[in-house]
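Here's a quick walk through one model, taking a helix pair and then a sheet. Have the coordinates open as you read.

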Amino acid sequence: SKGHYQATFRSLFGAVPVRVRRLLVCPCHGPGEPKSFAALELGGGTVAPELACVTARYAALAPFGKVAALLSELLPIGGAVNAGTVRNRTQRVGKEVVQLPMAAAVTRPAVRPAGAVVVGVDGGYVRSRHPEEGRHFEVVAGKVIDADGQQHRFALVRDGQAGSAVTLRQALAAAGVTAATAATVLCDGDAGLWRLQREVLPGATPVLDWWHAAVRFEHAIRSGRRLEAPLTNRAERDLERAKWRLWHGRWAGCRAKLMALLRWTRREDVVEAAGSDRLQHHVTDLLGYLERNEAALVPYAARRRRGLPISTAFVESAVNEIVAKRM
């Protein structure tokens, strides 16, 4: 024996003082000096798994400070001391929970979808508790829908292009989606999400979310309605025609109409009108947004008639459940 030391084992029923004895390893076990080990192994720490489970379960649904106050009332002899204690316990549980699905995805043979799949990705921002690393960090949530209508959800924290691509590839592999799977990827036009798509699913068909494009058209139309009567008719008519051409997959005609409208807003008689600067700003933003996502513009009307998705609305439920509900 090399002596002992005092430790505290925290459980649902209170703090239990324990006396841990240290023993020396016999030299016959191998060369070198004998080393010491504890006769009582407390696992990953001095917190019982049941207490860690209860703490993490509540902390996944409410702020850490509220959980600490709740556990102090429910478990007055073995609850959490403060918000920092709840945070540390939850993070330890989270690291174990994250590793389990990843290891299972590697060892488990993935079930390949019978036909093409639809992958929708969207992002949400969560306030970071590390101010030196940035005010917010981004959580990417998505959903995979196969030909039979079965849905698979996934989520990851975007912490760099390489790490995010590996995590996304593992999440899609768990749903049976590989780089060779025929897939259609819908996105809101974020450049980072498109880079992830090109790296993980290079052969997929990208589709820009129609809702985000339509919202930008609506902003420009509303700003055009604030012009004077002779001018507002021209602005509204051209924007509606450009939107109609984009809806039917005529991107070249849509761009030509928007560029002509942008040149019209810079005319001397139009610039002097009240609200023309706002219209010019919205048209410029709309044109730049569509040009950046030119490769993902499709005939939306034809896809709608065939019953194919044209919006990332089916991903919003995953974002709300993973991000909004937690915060």
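## A helix pair and a sheet

Helices α8 and α10 cross with a left-handed sense. Bear in mind that this is a predicted model. The two helices, α8 and α10, pack at an angle of about 155°, and their axes lie 10 Å apart. Since angles over 145 degrees count as roughly antiparallel, α8 is therefore roughly antiparallel to α10.

Here's who sits where in that pairing:

| Helix | Residue range | Residues in the contact |
|---|---|---|
| α8 | residues 251-265 | Trp251, Cys254, Arg255, Leu258, Met259, Leu261, Leu262, Trp264 and Thr265 |
| α10 | residues 276-292 | Leu279, Gln280, Val283, Thr284, Leu286, Leu287, Leu290 and Glu291 |

What does the contact of α8 with α10 look like by class? It has twelve nonpolar residues, plus three polar and two charged ones. Arg255 in α8 and Glu291 in α10 are both on the contact list, and both of these residue types count as charged.

Now for the sheet. Five strands form an open sheet with mixed pairing, and their order reads β6-β5-β4-β7-β8. Strands β6 (151-157) and β8 (205-208) are at the edges with a single partner strand each, so each has one side left without a neighbour in the sheet. From one strand to the next, the twist averages 25°.

Strand β5 (residues 136-145) runs antiparallel to β6, and seven bridges join the two.

How values were computed: Residues are numbered from 1 along each chain as its sequence is written. This is a predicted model: local features need pLDDT of at least 70, side-chain atom pairs count only at pLDDT 80 or more; totals for chains, interfaces and linings use all residues. Side-chain values use heavy atoms; hydrogens and water are left out. Two strands pair if DSSP finds at least two bridges between them. Helices (H or I, at least four residues) and strands (E, at least two) are DSSP runs, numbered from the N terminus. Axes are lines fitted to C-alpha atoms, for helices over the stretch in contact, and angles run from 0 to 180 degrees between N-to-C directions. Angles under 35 degrees count as roughly parallel, over 145 as roughly antiparallel, 65 to 115 as roughly perpendicular and the rest as oblique. A crossing is left-handed if the near helix is turned anticlockwise from the far one by less than a right angle, and right-handed if clockwise. Contact means heavy atoms within 4.5 Å.
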